[in-house]
Amino acid sequence: MADPGMSVTPYWELTFDADGDPDAAERDRLLGEIGGHGVHDLIVFAHGWNNDRSGATALYRRFFAPIPKLAPKARIGYAGVIWPSMRFCDEPIPDFPKSVVATEAEESPAPALDKDTRHALLETFPGRATVVDQIARMLDQRPANELEEFGRLVRLLVEVLPGGPQPLFAADTLAEGVPQSDPVLFTGDTAALCEEFAAALATLQGGGGAAGFALPNPWDGAKELLRQATYYAMKRRAGTVGERGLGRVVGQLAGAAPDVRVHLVGHSFGGRLVSFALRGLPDGVRTVKSVTLLQGAFSHYAFAARLPHDPRTGGVLQGQQNRIDGPLVCCYSHFDEALGTMYPLASRMADDCESALGEDVGRMLGAMWGAMGHDGVQEVPGTRALDLAAALRGPLAAPGCVNVDAAAVVKKGGPPSGAHSDIVHPELARVVLAAGHIA
């Protein structure tokens, strides 16, 4: 078992590459060892954006820590998914104080990439060193009339080479069945997009009033364009790793240890990963007993059979909740500014660059492009709605979708992410246990 510093046992790690291929030694260790530990329930957690293995395991250690006391008689095993995603230095690690680098980045008037973010980009997009250097230089110098070149470099950084599986996982809801379709993030006018991001950032930071009287400098939104393009690539990758990687491993686990009940937990894009794992389960596998999404960074229509603005089309995961022998529990918070404003703005795929700001972003863009972690599962009949207190009283274990308003605890954080990473709470660990009916 990996990570001797982990506070819970037994604990395993499952590492996947960008195409969903697992580390065979780690997978075989889990399959070979779990039967000897008497595990009845296995909780599998997938992180969201993150820079390295140590950050992911730190999140798992903190989130899992209260569970043995909450369920002292349960025979629980734990698994942490490690997949290649990245985090910008100004994004907080869940339940960690801001780093010195993040604080310095906020205080700097220029949106330059710090060395840690550059390193993360190089690790996440290998072979793109020259492109990363050019992007960093342009963010430092803000050359006039070169935003289109900046946009070209951003698109070059995150493009997926043909022939691999990742393009198949690009679509979320709209343009279903057209996986090569990209959002306006990659096809629109770069200057107009950067202006939108700059204005949205000003609104989130309390400058919304001034933003209405003067056009923002498009370069003020250039780093956000890079961030959101990177996160779009991570979202696409999460689907790949979930279906081609984790789903298959859960199927193999069902063969090796058929009595082990599996509970999938995902934060941010990790929520998309564990949801796509349902699509990768072999036929007949019913060992997944619960799925808990914590601030899921994917479409709130993902599980819908029909979209309200296009009834001919369904969500990319329509009906997949029926693969769970128990509930799909979606914890969300309106304090999550990353998902409430930036996510719908970046996810829009319409071929125009017009949008409103402030409340209109939430109403106009959020309705079509809203995220699961901001307002819960949408357009799935029979979805139950609970506040956190009611969810903790339970029971949650009946099949179907359950929205849990977690704003009572998920509320800390400032721009650009809001409360997106504020997920390490005993109450949310209790929701996982309640969803899995783990006594």
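Does D325 count as buried, partly exposed or exposed, and at what relative accessibility? Point 4 takes this up.

1. This is a predicted model, in which local features need pLDDT of at least 70 and side-chain atom pairs count only at pLDDT 80 or more, while totals for chains, interfaces and linings use all residues. Residues are numbered from 1 along each chain as its sequence is written, and side-chain values use heavy atoms, with hydrogens and water left out.

2. The salt bridges (a side-chain nitrogen of Lys or Arg within 4 Å of a carboxyl oxygen of Asp or Glu) number nine. One of them joins D41 and R261, at 2.4 Å from N to O. D41 and R261 are each buried, that is, under 20% relative accessible area, with exposed over 50% and partly exposed in between (1.4 Å probe, protein chains only).

3. E224 and R227 form a further salt bridge, with the closest N and O atoms 2.9 Å apart. Because the two residues are three apart in helix 10 (residues 222-256), about one helical turn separates them.

4. D325 pairs with K289 in a salt bridge whose closest N and O atoms are 2.6 Å apart. D325 is in the loop between strand 5 (288-294) and strand 6 (327-332), and K289 is in strand 5, 36 residues away. D325 has 38% relative accessibility and therefore counts as partly exposed, whereas K289, at 17%, counts as buried.

5. A network of salt bridges links E13, E26 and R53.

Terms used. Helix = DSSP H or I, 4+ residues; strand = E, 2+ residues; numbered from the N terminus.
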